[in-house]
Structure formats: structure tokens, C-alpha cells
Amino acid sequence: MEKLSIEAMATFCKKKGFVYPSAEIYGGLAGFWDFGHLGVELKNNIKNEWWNYHVKQREDIMGIDGSIITHPKVWEASGHVENFEDVMLTCSKCNEKTRADHLIEEKLKTNVEGRSVDEINKIIKKNNLKCPKCNSDFKELKKFSLMLKTSIGPLEDKSSISYLRPETAQLIFANFKLVSDNARLKLPFGIAQIGKGFRNEISPRDFLFRCREFEMMEIEYFVHPDKAEKCPSIKEVENEELNFLTSEMQQKKQEPKEMKVKDALKKKLVSEWHAYWLATEQKWFTDLGAKPENFRVRQHLKEEKSHYATDTWDLEYNFPFGWKELQGIANRTDFDLKQHMKFSGNDLSIFDEETKKKIIPYVIAEPSQGVERAFLVFMFDSYTYDKKRGNAVLKLHPKLAPVKVGIFPLVNKLDNEAKKVYDLLKSDFNSIFDKSGSIGRRYARADEIGIPYCITIDFDSLKDKKVTVRNRNDTKQIRVKINDLKETMGKLIDNP
Ligand code: GAP
């Protein structure tokens, strides 16, 4: 089935109560979105699944929750105040603002991340690129900081300036010593965080893909600097298949190649740590129902890499508007810890028991995933339209589904019996009770919002104390004893 366009997905999400333009009654605000009664549940389920997989089920990763506004020096040390900017084009006639890299990518299919302002200017002029709105020439292009400023306290002067964080990562570095000491962590280990990030994007677009306020799920994974080559957990993922696109393959205009991790390692296409994290991250998505054929792993070109990174791979997804970054996995070496040592004057090194020396760990991989982009992946990969049923069926994994169970009395006379079933299940599984319209209409409504199981209470239920459980994906039905319902629903949701 053809994927929905991003506009059609935004319309579907609004109509069904997943996502609304923020404060739409005032006309909305570009780059800001509000999550509705189903969207908030899906988003929370995504974050919970991520936290379970990356933190709770692992001994080597601990979580933190840092503040959104923090000491401004953090952002000077990280390089964001100086470097976190994009090149902006302003139309000489209509004043429309456009991101230069997006326009070049759209018109010339070339990635210009990391190129200087002069180089970008030349590309714009050489290719005679015009304002996408009114087709006029641009004014001289300008750099534009993506940092969202705020001021703290009553004095609105220079000393009160701070920033809403553009990433959660820096709070992990700033708290590195406290967390590693207090949690008695031994290398290699990770520190994870989920939280809001803010970026003053020049041209937010593509629905949730590029927002000005969004959530991130990030891990900084620290390794011994002398052991940065070997990943002790690589065996866990060596048979995972990934679609590899190295920087060399891109330069030679080759297509991505599907390969097992162990084969890519043999060919030295990727480092062990990058392979480990790319495979671990893709597996998180596919275990939750995303389609493996929509993923690829792409190495950044030399000129594309961030100021701090020595090697970066992106986990990419085939969005309706092309292959785009889902998650960046950057090798940041000891850049951040050293910067924070320099700017704060504090020693952030840790004691290595083996060599009896102080060391500054390397961050070889920084799996950093936007919640909204994950939200889009699960929505796109689960959306189907069933012609036979005549309605959309959102085949979300039951663990992600906002509502797990729909409870329907066959006729109004059975309301009381059905309510008892609802009361039995509602505290364990997010459930809805629906008695309006025909059973067919109720099933259709449930399919459209992704309810994986619908329970119908009929006249036989009064006699045999059993109910009918209908599976959303194939519409198959089974009879289950009311006494066994809790256990059966738990099993069906965990292992559909
Ligand atoms: N700490 C690393 C970091 O911030 P990034 O690639 O700039 O790296 C990480 O951002 C992830 O956050 C991206 O891969 C993407 O999933 C998400 N993200 C970044 N900018 C976003 C935006 N404007 N809107 C929605 N998600 C965004």
C-alpha cells in the first residue's frame, strides 16, 4: 500500500485526536504541536518502551532528568552558543525566510551540511536559486542561531540571558561525575535521558518531523579511551541485518547494501560500537512493529559531520518525503567532558582501576532519537486502509496502542454486564466502553484508532461467563472466560 503523504497523516492525526496544531483557536504557531487524548498515550507508550529497553532492562545504563533551563556556560562549553546555527536566505521582495540547506537539497539533491557560508552563497548564485514563494532573488544570506533565548529573574539584562536547551545531552555531561560516582558505574556505561528540546528552526516543516519544541530520548555511552575499538556486546547483534550506506558508497553514487552486522564488520565498513548501536536501535523499532525495509543506516560525509564528531552514522527512515534522519549516532570522543572541565574548572575524569590512572572516557556513540520522529514512524508503518472493511486500520503494536481494549455490549440491555468487564480491566489496561452504534461501526472506530482487541458481551455471556475477543489485525475472534480475561489480555498485549 502507498504510504500516506505527510499532509494526509497530519489530517488523520487531527481528525482522530492524536495531534493538533498548537492553540489552533488562535491560528496555531509554526513548529509547535499539541498532543490529543490518543497522541499523549502513544507518546507516553513510546517513551516508556524506550526507557524499558534502554535503561530498565540493562545494567550498564542509568537515567537522569536534567533541567530544561540550565547555566548558560553549559552552552558556551558545548559550542552551541557559537556554532549552533543554520544559514538563512531572505527574499529581497516578499521577505520569506528559507533554510539554505533545505532549498539546495530540494532543488539540487545535494547535502550541504558543514559547508561554509561562502560556499553555500556560491551554490545559490551558480544555480540561480530563487525564493520558493515568489521566485525573486535572495538578499545576502545570513547565519541564524537556533538557540531559543530566555531571561532568568527580574533583571532583563545581559547577565540574565539563558537558553532553552537544544538537546538533553549536555545535562548528561554536566552531571557525568555525580552520576558515575553515585551509581558506582564501571566503563563501559551509559547515561540516558528523555526530555524536551527547543530549536528556533528557520523553517519548521513536515508536520512533526521538524518542530521548534520536541522531545528527545538520548544516551551518552562512555567507553575507556584505550578500548574504543572493541564492543564487548557485539555478539548480541552480529546477525542483525541492516541496510548499509557508507560515505564511500554515497560518493560513488551506489545504492545501500543489506548485510548482516558481522559481514559489515569483516569488510570494515563500520566500527564495532557504531554497528552495535545502529543494530540495537533499529531492533527497538522493528520489535515494536516498524518495517525493516523502511530503515537504512547512512554514514555522514566528511563535510557533514558536526563540530564535535569524528564519525557519525544516522539511522534513517523512508518518509513519504524521502530518506531522512531518525537518529544520529555520533562519535563525540572526549570533546564534551574536556570542554566542561575547561569551562567549569572541575575535574570530570574518573579513576581507572586497571591502570590506576585518571582517565576521561570517550563517547563513541550517542544514540539520540526524537520522540516525534519515532511517533511518525509508528504511525506510518501501522497505517493501512482495509478496502473490505471500508475503514482505516491502525495496526500499532499493542504495547504502543493508546487504547488496549474496547468493551462493547452487543445490545443496551447488556450494559451492566459489559460495565463489569470494563471495571475488571480498566486499571490494568487502558480501555474504553462503547455502546453507541452498530457493532460493525464500533469495530471500525476501534480499528481507526488502533485498539488491538475488542471484547463483546452477548447473551451467551450471561450463561457461559465467556466473552468474544476480536483481534484488530485479522478480525479473528476467540471466546475467553471472564475469569481468565486479565491474564489472557496481558499475554495478548505482550506477545500479539
Ligand atoms: N545530542 C545530539 C543531537 O542533538 P541531533 O541530530 O541534532 O543530535 C537528535 O538531534 C535527534 O533529535 C534527531 O535525530 C531527531 O530525531 C530529533 N530532532 C532534531 N531536531 C528536531 C526537530 N527540529 N524536530 C523534531 N525532532 C528533531
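**Core, ligand site and backbone features of the predicted model**

F378 touches I46, W284, F285, L288, A290, L396 and L400, with residues up to four places away in sequence not counted; contact here means heavy atoms within 4.5 Å. The model is predicted, so that local features need pLDDT of at least 70 and side-chain atom pairs count only at pLDDT 80 or more, whereas totals for chains, interfaces and linings use all residues. Residues are numbered from 1 along each chain as its sequence is written, and side-chain values use heavy atoms, with hydrogens and water left out.

F378 also belongs to the largest nonpolar core, which has 75 residues. A nonpolar core is a set of buried Ala, Val, Leu, Ile, Met, Phe, Trp, Tyr and Cys residues joined through side-chain atoms within 4.5 Å. Buried means under 20% relative accessible area, exposed over 50%, and partly exposed in between, with a 1.4 Å probe and protein chains only. The members that touch the most other members are M9, F18, I46, W277, F285, F378 and M379. Because domain 1 (6–68 + 166–381) and domain 3 (403–494) both give residues to this core, the core lies between them.

The protein chain is divided into these two domains and domain 2 (86–141); the bounds come from an automatic or database domain assignment. The C-alpha centres of domain 1 and domain 2 lie 29 Å apart. In the contacts between these two domains, 9 residues of domain 1 meet 13 residues of domain 2.

The ligand is surrounded by 21 residues, of which the closest are E167, E218, E325, L326 and E366; a residue is counted as near if one of its heavy atoms lies within 4 Å of the molecule. Polar contacts were taken as pairs of N or O atoms within 3.5 Å; within protein, one atom must be able to donate a hydrogen and the other to accept it, and residues adjacent in sequence count only if both atoms are side-chain atoms. A polar side-chain atom of E325 is 2.5 Å from an oxygen atom of the ligand. For L326, a backbone N or O atom lies 2.7 Å from a ligand oxygen atom. A polar backbone atom of F209 is 3.3 Å from a nitrogen atom of the ligand. Taken alone, the ligand exposes 550 Å², and the protein buries 92% of that; accessible areas come from the Shrake-Rupley method with a 1.4 Å probe, and for residues only the protein chains shown count as cover. Strand 10 (213–223), strand 15 (322–331) and strand 19 (367–370) are the elements that give two or more residues to the shell around the ligand. Strand 15 gives the most, with 4 residues. Helices (H or I, at least four residues) and strands (E, at least two) are DSSP runs, numbered from the N terminus.

The loop between strand 9 (189–198) and strand 10 holds S203, and C211 is found in that loop as well. S203 counts as buried because its relative accessibility is 17%. Beyond neighbours within four places in sequence, S203 is in contact with R99, H102 and R210. C211 is buried, with a relative accessible area of 4%. With neighbours within four places again left aside, C211 contacts G31, W33, R199, E201 and E372. C211 and R373 are 162 residues apart in sequence, and their C-alpha atoms are 10.0 Å apart.

N111 is placed in the loop between helix 5 (100–108) and helix 6, and is partly exposed at 24% relative accessibility. N111 touches R298 and E304, not counting residues up to four places away in sequence. In helix 14 (residues 415–425), D415 counts as buried at 15% relative accessibility. D415 contacts P409, F433 and K435, leaving aside neighbours within four places in sequence.

Most residues other than glycine have a negative phi, and most peptide bonds are trans. The peptide bond from L187 to P188 is cis, with omega near -5 degrees; P188 is in the loop between helix 8 (176–182) and strand 9. Phi is positive, near 65 degrees, in N135, which lies in the loop between helix 6 (117–126) and strand 6 (142–145). N135 is exposed, with a relative accessible area of 56%. K253 has a positive phi of about 55 degrees although it is not a glycine, and lies in the loop between helix 9 (247–251) and strand 12 (257–260). At 73% relative accessibility, K253 is exposed.
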